[in-house]
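Subject: Structure handover

Hello,

Here is the structure I said I would pass on. My notes follow below it.

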Amino acid sequence: MADLVSSMTVNISYNVSDPNIGLSQSKDMDSYKLFIADTGLFITLAFRDKAFTDNIIYQQLLSDKLATNLGYVYENAVAQMLRASGNELYYHTFPTDSGKHNYEIDFLLARHNKICPVEVKSSGYKAHASLDIFCDKFSSRILDKYLIYSKDLAKEQGLTYLPFYMTQFI
């Protein structure tokens, strides 16, 4: 993995056990997500179903008419933008009350002496249970909270809804 990271072809996001300032102190070196550093290349690889990928896939993707789960594509794009803005990538998972599943905060950013949780949604869908529970649990550690999605800029109840293209301004 070190070769991939040093080649700068991937962006690595580490899971942190203690979502607090100094995120690197609690990163789990065995729990991480890899994002391809070039989202366009990632899309080509993800949707390549024959020797030549038809442009129709890109047209459908750009017009929001591709009938597939694009969550990881959007997360990859946000990871690329955050890294290009000089951020290290971290995320946090924690168990649900039932313990059968995990909640996940897609990205955690350190700002001043606080953290900023970032959730990514591949559509205009504004549900954010993981973010709400995380913010209740760690409220004293949070400066700002963001939901990055495909709609317009908005702010409701202390949560900033940010269009994808504004990610660089976090």
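Strand E5 (residues 107-111) is mostly covered, with 4 of its 5 residues buried. Buried means under 20% relative accessible area, exposed over 50%, and partly exposed in between (1.4 Å probe, protein chains only). Helices (H or I, at least four residues) and strands (E, at least two) are DSSP runs, numbered from the N terminus.

This is a predicted model, in which local features need pLDDT of at least 70 and side-chain atom pairs count only at pLDDT 80 or more, while totals for chains, interfaces and linings use all residues. Residues are numbered from 1 along each chain as its sequence is written, and side-chain values use heavy atoms, with hydrogens and water left out.

E5 runs antiparallel to strand E6 (residues 114-120), and 5 bridges join them. Leu 109 is opposite Cys 116 in E6. The hairpin of E5 and E6 has 2 residues between the strands, and His 112 takes a positive phi near 55° there.

There is also an open sheet of 4 strands, in the order E2-E1-E3-E4, with mixed pairing. Two strands pair if DSSP finds at least two bridges between them. Strand E2 (27-36) and strand E4 (102-105) are the edge strands, each pairing on one side only. From one strand to the next, the twist averages 30°. Strands E1 (residues 10-16) and E3 (residues 89-95) run parallel and are joined by 3 bridges. Asn 15 has Tyr 91 in E3 as its bridge partner.

Helix H5 (residues 129-137) lies across E3 and E4, at about 85° to E4. Axes are lines fitted to C-alpha atoms, for helices over the stretch in contact (heavy atoms within 4.5 Å), and angles run from 0 to 180 degrees between N-to-C directions.

Regards
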